[in-house]
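This briefing covers a sheet, the helix across it and the surroundings of a ligand.

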Amino acid sequence: MTGCLAGRVALVSGAGNGIGQAIACKLAGEGAIVGVNDLKPEFTTRTVEMIRAAGGMAEALPGDASKRDSVRGLVLEMAARHGRFDVIVNNAAWVRYGSIASITEKTLDRMVAIGFAGVVWGIQAAAEAMAETGGSIINIASSAAFLGMPNALTYCGIKAGVTGLTRSAAAELGPQGIRVNAIAPGSTQTEAVMAMLDEEKIAMRVARTPLRRMGRVDDIAEAALYLASDRSSFVSGSVMLVDGGITHAFS
Ligand SMILES: NC(=O)c1ccc[n+]([C@@H]2O[C@H](COP(=O)([O-])OP(=O)(O)OC[C@H]3O[C@@H](n4cnc5c(N)ncnc54)[C@H](O)[C@@H]3O)[C@@H](O)[C@H]2O)c1
């Protein structure tokens, strides 16, 4: 297999759908052996089949990305099976929007467990597997980390937290050759997002975006490829906005 990630071993959480699936396909397309994690086994199989059909290498790794033991087990399994571990993409999320008054303990706990604790466990497990060799940790944040969005209290807080985790981990793990970065997508056309937006809301978002379109999953996958590869060998602690310019635009 050729490509800028040939021979590298990667794991992408929540890769059965949307952005995670596009990232898994992109990394595999550049030669990485990709562990495809998702909570839903049938989703992992679907992504693995897509990758293999395109000539890439992938393994289905169903499991709960919010659980420490589960994440550690998947990372160490990939490392043991392939003799190295180079890239983790902490992408899985479970999201519910709603007013502050509507937040319940159940939804808060689940969102934090997957979107925040899951990233902590991913960083911890990857740091263990990469301790001798270095590697690249990529956390999927959101433009919501920087925005005061109504009805998104928990989501905005979690994603701002993910940017903080990224900076701290980059400072601590840098001396071991482990780079830690985040990607902050703007509104990206995934099934889940498109199901939430009617035509009027889509048109409004597009009109407010300087580049006048919504994100595509491939936009985010390209950023992940850059951060996973040696092309970004001096980049760590950064949060890359991939949002068509909307987050910092005043309009
Ligand atoms: N789509 C967007 O517009 C957008 C914008 C900004 C940030 N993001 C972020 O990008 C990431 C991916 O978002 P998406 O829109 O592709 O989501 P998605 O809902 O399409 O996919 C998420 C995947 O994660 C899986 N998952 C959920 N809980 C899991 C768990 N405990 N363990 C393992 N897998 C689990 C789901 O089964 C699903 O396949 C998330 O972190 C999200 O917050 C998305």
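What is the order of the strands in the open sheet? The order is β3-β2-β1-β4-β5-β6-β7, seven strands with parallel pairing; strands are DSSP runs of E of at least two residues, helices runs of H or I of at least four, both numbered from the N terminus, and two strands pair if DSSP finds at least two bridges between them. This is a predicted model, in which local features need pLDDT of at least 70 and side-chain atom pairs count only at pLDDT 80 or more, while totals for chains, interfaces and linings use all residues. Residues are numbered from 1 along each chain as its sequence is written.

**Sheet and helix**
- β3 (57-62) and β7 (239-242) are the edge strands, each pairing on one side only.
- β2 and β3 pair in the parallel sense over six bridges, and V34 stands opposite A58 in β3.
- Helix α3 (residues 68-82) lies across β1, β2, β3 and β4 (87-90) and runs at about 160° to β1; axes are lines fitted to C-alpha atoms, for helices over the stretch in contact, and angles run from 0 to 180 degrees between N-to-C directions.

**Ligand shell**
- The ligand is surrounded by 29 residues, the closest being G14, N17, G18, A65 and A93 (C-beta atom, placed from the backbone, within 6 Å).
- α1 supplies the largest share of the shell, three residues.

**N17**
- N17 lies in the loop between β1 (9-12) and α1.
- Beyond its neighbours within four places in sequence, N17 is in contact with F43 and E191 (C-beta atoms, placed from the backbone, within 7 Å).

How values were computed:
Two residues are in contact if their C-beta atoms, placed from the backbone, lie within 7 Å.
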